[in-house]
Amino acid sequence: MPELPEVEVTRRGLAPQLTGRTISGVAVREPRLRWPVPRDVLALAGRIVKTIRRRGKYLLLDCGDGHLILHLGMSGSLRVLPPGTPAGKHDHFDLVLGDRVLRLRDPRRFGAVLWTSGDTEAHPLLAHLGVEPLSRSLNPERLHALTRGHRTAIKHFLMDGRRIVGVGNIYAAESLFRAGINPRKQAKRLSLEHCEKLSAAIKDTLRAAIRAGGSSLRDFTGADGAAGYFQQRHWVYDRAGQKCRRCSSRIRHLQQGQRSTYYCPTCQK
Ligand SMILES: [Zn+2]
């Protein structure tokens, strides 16, 4: 499933391809995505793509009087192709921009293509998203304030998109290792010093993934837009029984709710 770093790499790859270009056509081959593709989308021709922003895992194409909202769901990917490139079975949506086509492929159809002419921050899908982890909005004081009163385990807390958006299971485990915090610690028990370490660790973890993705997905043109997790060297994730890369203790596995957690019992007291 595409995570925040993949979506950010997609945004960076697409921005120079689409920004400033005029939409010349739209093709919806399959409107039954996670939500039905609205008819408004068919009337986008003539608008100019001003910028591409990201909020959580949503891509927002600013078209001046509204935004095209794209989400990759479980299996979606976006590519830029020459016009006339034959569409495959799972190529459900095209945005034509003169000499190039932005194409959404989504075999499992959990992705989304939506339009809003209103304030994106007030959109029902975006209004309740938590703090953007790579922005200045996530800082030690904010994290400290957010965690007050929450008895839930910090690992769970990090994965709750209403608090902080886009920190999935792997990134939460890796961030907690970098910060030296046990995943079972109650969120409300984090000190400001913990929050300094954790806030920095979340940003470092996500940025490392973006760098890994940026080097493996340099080109969105024609490439078979590989969606998925960027393979990296993990500190703890999926390393149960192996030696900690810092202290050589054995990495432990822990089931928290439905999710697997990995941590070093020595580094993460
Ligand atoms: Zn260790």
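I started with D91 and found that it stands opposite R105 in β7. I noted that the model is predicted. I then looked up how β6 and β7 pair: the sense is antiparallel, over 6 bridges.

Next I traced the sheet around these strands. I found an open sheet of 4 strands in the order β1-β6-β7-β5, with antiparallel pairing. β1 (25-28) and β5 stand at the edges with a single partner strand each, so one side of each has no neighbour in the sheet. From one strand to the next, I read an average twist of 15°.

I looked for what lies across the sheet strands. α1 lies across β5, β6 and β7, and runs at about 25° to β5.

Then I turned to the nonpolar cores. The largest has 25 residues, and L18, L61, L68, L70, L95, L102 and V113 touch the most other members. Among the elements that each supply at least two residues of this core, I listed α1 (4-18), β6 (91-97) and β7 (100-105). I checked L18: leaving out residues up to four places away in sequence, it touches V49, I52, L61, V80, L97 and L102. Another core, of 21 residues, lies apart from the largest one and includes A172 and L198.

Last, I looked up the zinc ion. Its protein donors are the SG atoms of C244, C247, C264 and C267, at 2.2 to 2.3 Å. The site is tetrahedral, with angles of 100 to 112° among the 4 donor atoms. C247 is in the loop between α5 (192-216) and β9 (252-256), and C267 is in the segment after β10 (259-263), so the pair ties together parts 20 residues apart in sequence.

Definitions and conventions. Residues are numbered from 1 along each chain as its sequence is written. This is a predicted model: local features need pLDDT of at least 70, side-chain atom pairs count only at pLDDT 80 or more; totals for chains, interfaces and linings use all residues. Side-chain values use heavy atoms; hydrogens and water are left out. A nonpolar core is a set of buried Ala, Val, Leu, Ile, Met, Phe, Trp, Tyr and Cys residues joined through side-chain atoms within 4.5 Å. Buried means under 20% relative accessible area, exposed over 50%, partly exposed in between (1.4 Å probe, protein chains only). Contact means heavy atoms within 4.5 Å. Donors are N, O and S atoms within 2.8 Å of the metal (3.2 Å for Na, K and Ca); water is not among the atoms, so sites may look incomplete. Four donors count as tetrahedral if all angles lie between 85 and 135 degrees; four count as square planar and six as octahedral if opposite donors are over 155 degrees apart and all others between 65 and 115; anything else is irregular. Two strands pair if DSSP finds at least two bridges between them. Axes are lines fitted to C-alpha atoms, for helices over the stretch in contact, and angles run from 0 to 180 degrees between N-to-C directions.
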